Amino acid sequence: MNVFTYGREACKYFADLYGKSEYGQFLRYDKLIRNFKKYFRLTSCHLISSPGRVEVIGNHTDHNGGKVIGCAVNLDTIGAFISNDSRRIRIKSDKHSLIEFCVDDEITLKRGFGLAHGVTEYLKNAGYAVGGFDVYTNSVLPSGAGVSSSASFEMLVAEIINESFNDGRIPVEILARAGQYAENVCLNKPCGLLDQGAVLSGGLTEFDFKNGFVAERLNSVSGGFKFVLVDTGFSHSNLSELYASIPSDMRAVALNFGKDRLIDVDESAFMESYGSLCNIVGTDKTNRALHFFDENARVTRFALTLENGDVREITHLINASGDSSINLLRNCAVDENDTAILDAVNFARTLGNVGARVHGGGFAGTVLCVIPDVSYNVVFGALCERYGAANVLPMRVRSVGTAVL
């Protein structure tokens, strides 16, 4: 791990992290280091960057052992940190007061930075070394907007522990599961492993969760389209019960076949039983299972389509995914009066050959737009005019996952 005393020493890493060297990032890192030194009364630190993520395709498949394509993006959480001689972790940011806990204590913090305690507890119980450290953080990831600010923070903590006390030997799957555990315990959110996996892996990656955690880095797209997230203005940070209903409903269908996950159910047997399942568990639950099987197949087709660069087919698959989330998964509205996601999807699609779908957990938050390069400027301008420039977030695929500089 390198030692930093001033922001300019970090500039050589910016091209890999952000696509180019930016003066604004220099100011950000320099302020972070100065804040760390002042608050903790130290003279130097290590640096870490942990990106946000975009779920490209594969909506609500990971928790049932399915496939997803996700990618790390150029927005991130950064931290200035150093290990200390205690067993205490101290976390500070510009926006939050100090959080402090002992790594040997049981979890008492259930929200926010309590996620750090969940990550630490999981890694300790998994047999890895944990210890005390001081960290000052800064995040440009909007909370509740669907770019997984929580997973970004969780993996920042996990990677600090990995590099500081375990010589970087902890497998990616264990780090990801530490974040998943923290979400389950601290937020009561039954999430899969996509968010943490994409944040750690970097680049555009296909994940297959049928037999644990399998990640395959996809070839970078040389051109053809860009990702944009549209924030509809409604945070999804307090919708855990709605999210929990989806894996619960899918499991209810799987149990009819003697399985816990849909990935272990024979698809042809499911299709043959569709009508009877609607009578047994209900049409809504059965349709959520139908979405799972259809979406899993779309992920495979999307990965193949990326190889030949067929932008029209790429946007077609994104739209098919979006339609399935609207009509089968039904995670695009909190209630019948909520049309924010649907309106944004429909508006984006009127702008040309644009792929648009609900992003991430759904019910509120953001819409992912996949925009062909040839129409990007016009589409981006129209989205900014309708939703405001601050709510239209262009995303670049970041090749580097969570990393100590």
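Helices (H or I, at least four residues) and strands (E, at least two) are DSSP runs, numbered from the N terminus. By that count, the protein comes to 13 helices and 12 strands.

This is a predicted model, in which local features need pLDDT of at least 70, side-chain atom pairs count only at pLDDT 80 or more, and totals for chains, interfaces and linings use all residues. Residues are numbered from 1 along each chain as its sequence is written, and side-chain values use heavy atoms, with hydrogens and water left out.

**Overall form**

The radius of gyration is 21 Å, close to the 22 Å that the globule rule gives for 405 residues, so the protein is as compact as a globular protein of that length. The radius is taken over C-alpha atoms, and the rule is 2.2 Å times the number of residues to the power 0.38. Along the principal axes, the C-alpha atoms fill a box of roughly 65 × 50 × 40 Å.

Buried residues make up 56% of the 405. Buried means under 20% relative accessible area, exposed over 50%, and partly exposed in between (1.4 Å probe, protein chains only). The protein exposes about 16,600 Å², and carbon and sulfur atoms supply 47% of it. Accessible areas come from the Shrake-Rupley method with a 1.4 Å probe; for residues, only the protein chains shown count as cover.

Contact means heavy atoms within 4.5 Å. Among contacts between residues at least 6 apart in sequence, 72% join residues at least 24 apart.

**Strand S10**

S10 has pairing partners in S8 and S9. Two strands pair if DSSP finds at least two bridges between them.

| Strand paired with S10 | Residues | Sense | Bridges |
|---|---|---|---|
| S8 | 225–231 | antiparallel | 7 bridges |
| S9 | 355–358 | antiparallel | 4 bridges |

Val230 has Val367 of S10 as its bridge partner. Arg357 stands opposite Leu368 in S10.

**Cysteines**

The structure holds 0 disulfides, a disulfide being a pair of cysteine sulfur atoms within 2.5 Å. For Cys11, the nearest cysteine sulfur is that of Cys45, 14 Å away. Cys11 is partly exposed, with a relative accessible area of 23%. For Cys384, the nearest cysteine sulfur is that of Cys369, 11 Å away. Cys384 is buried, at 15% relative accessible area.
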